[in-house]
Amino acid sequence: MKHFLDARGLSCPLPVVNTKNEIVNMKPGEIVEVLVDNEIAVQNLTKFAKVRSHGVLSEKIAENHYQVVITVGETKGEEGAVEDAAEKLTEEVFDPEECVPCRNKKTAVVLSSNQMGNGAEELGKALMKAFIFALTKQDRLPDVVLLYNSGAFLSCEGSDSLEDLKALEAAGVQISTCGTCLNFYGLTEKLGVGSVTNMYDIVETMYGADQIIRP
Amino acid sequence: MEERIFCKGGGCTAKLGAGALSRVLSKLPKKADPNLLVGFDSNDDGAVYQINEGQAIVSTLDFFPPLVEDPYLFGAIAAANALSDIYAMGGRVLSALNIVCFPESMDLNILGQILQGGNDKVLEAGGTLAGGHSIADADIKYGLSVTGLVDPRRIYRNTGCREGDALILTKKLGVGIILTARRIGEASEEAVKEAVDSMLTLNKSAAEILEDYSVHACTDVTGFGFLVHLREMLDGRFSAVIESGQVPVFDVCKAYAEEFYLTAAAQKNRNFIGEKVQFEGVDFSMEEILFDPQTSGGLLISVPADEAAEIVERMHKAGLPAQVVGFVTEKQDKDIIVR
């Protein structure tokens, strides 16, 4: 028999607690379908299912409408199962690709100049510094930052944005600077963050991105 | 008759997300003032403005919706939480102003009790309640704007820890989990009392003990949970090893975490820190406690390892459950290793 729970409109921990109570009366192999209205509730349900050794699948059906399908495990999540599953949890549940579907979109930030916009140089440089700083504060960071032409100055020693770019790199963002450009400006020895890239990679990265941000 | 106020997810779980907020803040024009020693640019606990060589003003503000039903306790907890930022910066409390949102239709005696709770905490902190501002609103919210004084040469910053430092935590973790269990009627009275007592405890005595030692970094553990606050302290320049067995926690929390009485905020904290933390043989429940959002949480302090034992001993004498919970190491692949 398929069980059904509409937990939309309920705040955490109720979606999980109600699901847990529903499973008490279910047999291994039975399925409960839970509807929730936010991503965090999906993650909490997924975490619950993994820790309790239940099967779990989730899908976003519409805005503020998610379906989580839980198949009750052999042990019904009781006794020892909890500890065995704890390791699985850190490996699987928090894989960002699984947890935050919107992150699947590949975003590339392209910095083709050390200035932002056209106008006074001083302003353009200040704007670019502020842009990179603001970038570090986004909930969803880009996958890669590409720097070419005078943008190459930004990732080199003496740049006001070096610390921000390092912070992005530490947060898992790939920072790639055009090697030809470093060479041209005599900056090859001064690269302070990330790696050197070539035109083939730049084309491939831009081609493969779902979203390109150019300040 | 006992007065009760309606409470939803209150306390520090009611905060706006860090990401959303900084997007708005980054759009504001900034004025550079050399006397503003700590401002928007850092994620520190309060703002610090130097007024002369030996004195600087610490300003901070905090308010939130009720997290317990008793109005007096809510007022006192909200005040202890707001005052905490002064202590986390190494300051002393001078004065405070009330911030009040209260429904016009509600019994004013309830407001009176909230304010009394707040006033009592400000007095305990050695400060004076000097006024305030109240607004008619659909829901209750209460807190304080606090002014304190700090020696500019002895400001405790969020960052600044050094390799080899010992990390001390002065209060037990898990108030978020206990309050969540309470909200759905699953918490024991003893557990709630223990959590409330902890939230009512000012970080004053902890901060005063620290005056005699070399504090490299200090923050109070609040809505972002222990691990996110710790990671902020490490500043991308160091890593830390945490001994989970040494971390002070409310005993009952592990059982509640295993029943999944967990907040959405804890999951957000987990998502925020992602793969930067590595758990080595740590129970699921302990993981959750380390991500649990705290209201009026303890101080997390980075001090030279050879000073840690004495600090902890003095804190125990002052009645605090402080422990050395881990150490700062050189930067590793993972920011935090919990074992």
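Colleague: Does B:Cys101 count as buried or exposed, and at what relative accessibility?
Modeller: This is a predicted model, where local features need pLDDT of at least 70, side-chain atom pairs count only at pLDDT 80 or more, and totals for chains, interfaces and linings use all residues. Residues are numbered from 1 along each chain as its sequence is written, chains are lettered from A and ligands numbered from 1 in the order in which they are written, and side-chain values use heavy atoms, with hydrogens and water left out. Buried means under 20% relative accessible area, exposed over 50%, partly exposed in between (1.4 Å probe, protein chains only). B:Cys101 therefore counts as buried, at 11%.

Colleague: Which cysteines form a disulfide, and what is its handedness?
Modeller: Over all chains, the structure holds one disulfide. A:Cys178 and A:Cys181 form it, with sulfur atoms 2.3 Å apart. A:Cys178 is buried at 4% relative accessibility, and A:Cys181 is buried at 12%. The torsion about the S-S bond is about 80 degrees, so the disulfide is right-handed.

Colleague: Which residues touch the most other members of the largest nonpolar core?
Modeller: A nonpolar core is a set of buried Ala, Val, Leu, Ile, Met, Phe, Trp, Tyr and Cys residues joined through side-chain atoms within 4.5 Å. The largest has 124 residues, and the members touching the most others are B:Phe226 and B:Leu227.

Colleague: Which helix gives the most to this core?
Modeller: Helices (H or I, at least four residues) and strands (E, at least two) are DSSP runs, numbered from the N terminus. With 11 residues, the one giving the most is helix H2 (residues 71-88) of chain B.

Colleague: Which residues does A:Gln174 touch, not counting those up to four places away in sequence?
Modeller: A:Gln174 sits in strand E7 (residues 174-178) of chain A. A:Gln174 is partly exposed, at 45% relative accessible area. Contact means heavy atoms within 4.5 Å. With residues up to four places away in sequence left out, A:Gln174 touches A:Asp143, A:Val144 and A:Val145.

Colleague: How far apart in space are A:Gln174 and A:Gln115?
Modeller: In sequence, A:Gln174 and A:Gln115 are 59 residues apart. C-alpha to C-alpha, the distance between A:Gln174 and A:Gln115 is 21 Å.

Terms used
A disulfide is a pair of cysteine sulfur atoms within 2.5 Å.
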